[in-house]
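Here are some friendly notes to go with the model. Please keep the structure open as you read through the points.

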Amino acid sequence: MKNSKKGFTLIELLAVITIIAILMTIITPVLVKLLNENKQKLYEQQTDTLVAAGKRWANDHTQYLSETTPYCISIETLADDGYISGDDLINPVDKKEMTGYVIAAYNSSYSQYVYEFAVNCNISSANQGNLS
């Protein structure tokens, strides 16, 4: 009679598990880095969209802008006035509702307003844009 056992030996199973563990050790940091980079890119795209909405809002509300004092336009103002959809404003980094301001400041060197996104409106003399 032949003794024909089917299956893997313990050594073979341990070797496969070891190889899988080594591969996971190599792959996991790479995947985490890619996910974080994608979250950051999405955040930057969202802030670019907010700045574009802030520019449109500023074009329609020029009476609030000043060449001497920066103006802070809140995300809530942009959403309430219909320039953005408030439903889509989730920060991809921390999964919380996105908050912040688009700051419109006059740049005399270029004779035009420049816009940037900021989490806080820290300009002490800035006008707050919660008009709605």
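1. Helices (H or I, at least four residues) and strands (E, at least two) are taken here as DSSP runs, numbered from the N terminus. Read from the N terminus on, the order of the elements is α-β-α-β-β-β.

2. A word on the basis of these notes: this is a predicted model, in which local features need pLDDT of at least 70 and side-chain atom pairs count only at pLDDT 80 or more, while totals for chains, interfaces and linings use all residues. Residues are numbered from 1 along each chain as its sequence is written, and side-chain values use heavy atoms, with hydrogens and water left out.

3. Next, the chain as a whole. Buried means under 20% relative accessible area, exposed over 50%, and partly exposed in between (1.4 Å probe, protein chains only). The chain exposes about 9,600 Å², of which carbon and sulfur atoms supply 56%; accessible areas come from the Shrake-Rupley method with a 1.4 Å probe, and for residues only the protein chains shown count as cover. If we take contact to mean heavy atoms within 4.5 Å, then among contacts between residues at least 6 apart in sequence, 64% join residues at least 24 apart.

4. Which residues have the most contacts inside the largest nonpolar core? They are Leu50, Trp57, Ile75, Leu78, Ile84, Met98 and Phe117, in a core of 19 residues. Two or more residues each come from helix H1 (10-60), strand E1 (71-74), helix H2 (75-80), strand E2 (101-107) and strand E3 (112-118). H1 gives the largest share, six residues. A nonpolar core here is a set of buried Ala, Val, Leu, Ile, Met, Phe, Trp, Tyr and Cys residues joined through side-chain atoms within 4.5 Å. Another core, of five residues, lies apart from it and has Tyr101, Ile103, Ala118 and Cys121 among its members.

5. Met98 deserves a look of its own. Leaving aside neighbours within four places in sequence, Met98 is in contact with Tyr43, Gln46, Thr47, Leu50, Ile75, Leu89, Ile90, Asn91 and Phe117.

6. On to the cysteines. The structure holds one disulfide, the term standing for a pair of cysteine sulfur atoms within 2.5 Å. Cys72 and Cys121 are the partners, with an S to S distance of 1.7 Å, and their link is right-handed, with 70° about the S-S bond. Because Cys72 lies in strand E1 and Cys121 in the loop between E3 and strand E4 (127-128), the pair ties together parts that are 49 residues apart in sequence. Both Cys72 and Cys121 are buried.

7. Ser74 is also in strand E1. Ser74 is buried, at a relative accessible area of 0%, and its side chain makes a polar contact with the side chain of Thr77 (2.9 Å). A polar contact is a pair of N or O atoms within 3.5 Å; within protein, one must be able to donate a hydrogen and the other to accept it, and residues adjacent in sequence count only if both atoms are side-chain atoms.

8. Two backbone angles are worth checking. Lys95, in the loop between H2 and E2, has a positive phi of about 60° although it is not a glycine. Ser111, in the loop between E2 and E3, has a positive phi of about 55° and is not a glycine either. Lys95 is exposed, at 58% relative accessible area, and Ser111 is exposed at 52%.
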